[in-house]
Amino acid sequence: MASPLLVLPLLALLLGPAAGHGGKYSREKNEPAPPPKREPEGFRMEKLNQLWEKAQRLHLSPSKLTELHADLRVQDRDELNWKKLKVDGLDEDGEKEARLVRNLNVILAKYGLDGRKDAQVADSNFLQDHAPDQGLQDPRLEKLWHKAKTSGKFSSEELDKLWRELRHHREKVHEYNVLLDTLSRTEEIHMNVISPSDMTHLKEEVLQSRHAELKERHRHLQQGFERLRRVSHQGYGTDSEFEEPRVMELWDLAKAANFTEKELEAFREELRHFEVKVEKQQHYQKQLELSHQKLRHVEGAGDPEHLSRSREKYAMLEEKARELGYKVKKHLQDLTGRVSRGRHNEL
């Protein structure tokens, strides 16, 4: 069944100005058509539709909006899968539900949808990767970046790669802080709720599990920062196999997991394919930003035919970037889950 948020605008259009007055056609002869309002496919969870509508009112770049849309599609899918598990009684301790809440909190903070003005990380505009007003928001990372830029040990391509790594680390720290804040609030609720003794024991186990998850994330953040410190001082070695920070992170985790040599080699090959997919997504994100800039320029020129072509191209790029963004997020989720299971198997 269609979402009410999608049905109501459609009804408004159908019940709008009467077609019999003819004014519509006379205006079209003298004025360029309004920009086509391309609504993305609706999310099945109503709260996610509301978040998407809120995000569209914010001043986010087109590439940031496509990233958000991909995150919300993954969240939509996971929440629906959880509902099925709940019906079958497969989430008795509530841990899967709690993980969904944590993931949504990360999305809210990442895109500035949580109401905190200082919560949103800097917009990752691919066209301005090294802009001075796009700081890393972390003195330690800023120091590493300055060291690398002035060392003379990096080519332009390597500086681009290091910048992506530093920015990725900054976002991982931000995500960790959101999860830490979520856990703190969960514990406060837990301490104030009176539960049967058997349920109290179960909740304590869940909280311990979340503490263990945070501890593991913190350890990984420390390892990641130490690697960045080493690279910024020494430069990239010849053994740097991957370019994309998320892929390098997965590869480091995989090497530390309990994989056989054959499984590790198969995972390495899949990471290569994933990196190609990420590069393709980033290409379309760049093209989308360029198309957006061109569209704004053409809108000021007032050439209806040129404007129509620019809008059509922008709409095509927007749709392609959204779809690729979702595929990357979904693939990343699958790879992360496999590494996580491999690491747990060794414990």
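Good morning, colleagues. The model is predicted, so local features are reported at pLDDT of at least 70 and side-chain atom pairs at pLDDT 80 or more, while totals for chains, interfaces and linings use all residues. Residues are numbered from 1 along each chain as its sequence is written, and side-chain values use heavy atoms, with hydrogens and water left out.

I begin with the overall composition. The protein has 11 helices and zero strands; helices (H or I, at least four residues) and strands (E, at least two) are DSSP runs, numbered from the N terminus. Of its 347 residues, 39% count as buried. Here buried means under 20% relative accessible area, exposed means over 50%, and partly exposed lies in between, with a 1.4 Å probe and protein chains only.

Let me turn to helix 4. Helix 4 covers residues 62-87, which makes 26 residues, and reaches 38 Å from its first C-alpha to its last, close to the 38 Å expected at 1.5 Å a residue. The expected span is 1.5 Å times one less than the number of residues. After helix 4 comes glycine 89, with a positive phi near 70°.

Which residues of helix 4 deserve a look? Serine 63 is located in helix 4 and is buried, at a relative accessible area of 3%. The C-alpha atoms of serine 63 and tyrosine 284 are separated by 9.0 Å, although the two residues are 221 apart along the chain. Glutamate 79 also has its place in helix 4, and glutamate 79 is buried, with a relative accessible area of 7%. Between glutamate 79 and lysine 96 there are 9.5 Å from C-alpha to C-alpha, at a sequence separation of 17 residues.

How do helix 4 and helix 5 pack? Helix 5 comprises residues 95-110, and the two pack at an angle of about 165° with their axes 10 Å apart. Axes are lines fitted to C-alpha atoms, for helices over the stretch in contact, and angles run from 0 to 180 degrees between N-to-C directions. Helix 4 and helix 5 are therefore roughly antiparallel to each other; angles under 35 degrees count as roughly parallel, over 145 as roughly antiparallel, 65 to 115 as roughly perpendicular and the rest as oblique.

Next, a loop and a further helix. Glutamine 137 lies in the loop between helix 5 and helix 6 (139-151). Glutamine 137 is not a glycine, yet has a positive phi of about 60°; its relative accessible area of 54% makes it exposed. Glycine 302 follows helix 10, with a positive phi near 80°.

Finally, the aromatic rings. Rings of Phe, Tyr and Trp (its six-membered ring) pair if their centres lie within 6.5 Å; planes under 30 degrees apart count as stacked, over 60 as edge-to-face and the rest as tilted. By this rule there are five aromatic pairs. One of them joins phenylalanine 242 and tryptophan 251 edge-to-face, at 6.1 Å centre to centre and 70° between the planes. Both phenylalanine 242 and tryptophan 251 are buried.

A charge sits over a ring if NZ of Lys or CZ of Arg is within 6 Å of the ring centre and within 35 degrees of the ring normal. The charged end of arginine 140 sits over the ring of phenylalanine 225, 3.9 Å from its centre. Lysine 161 lies over the face of tyrosine 236, 4.3 Å from the ring centre.
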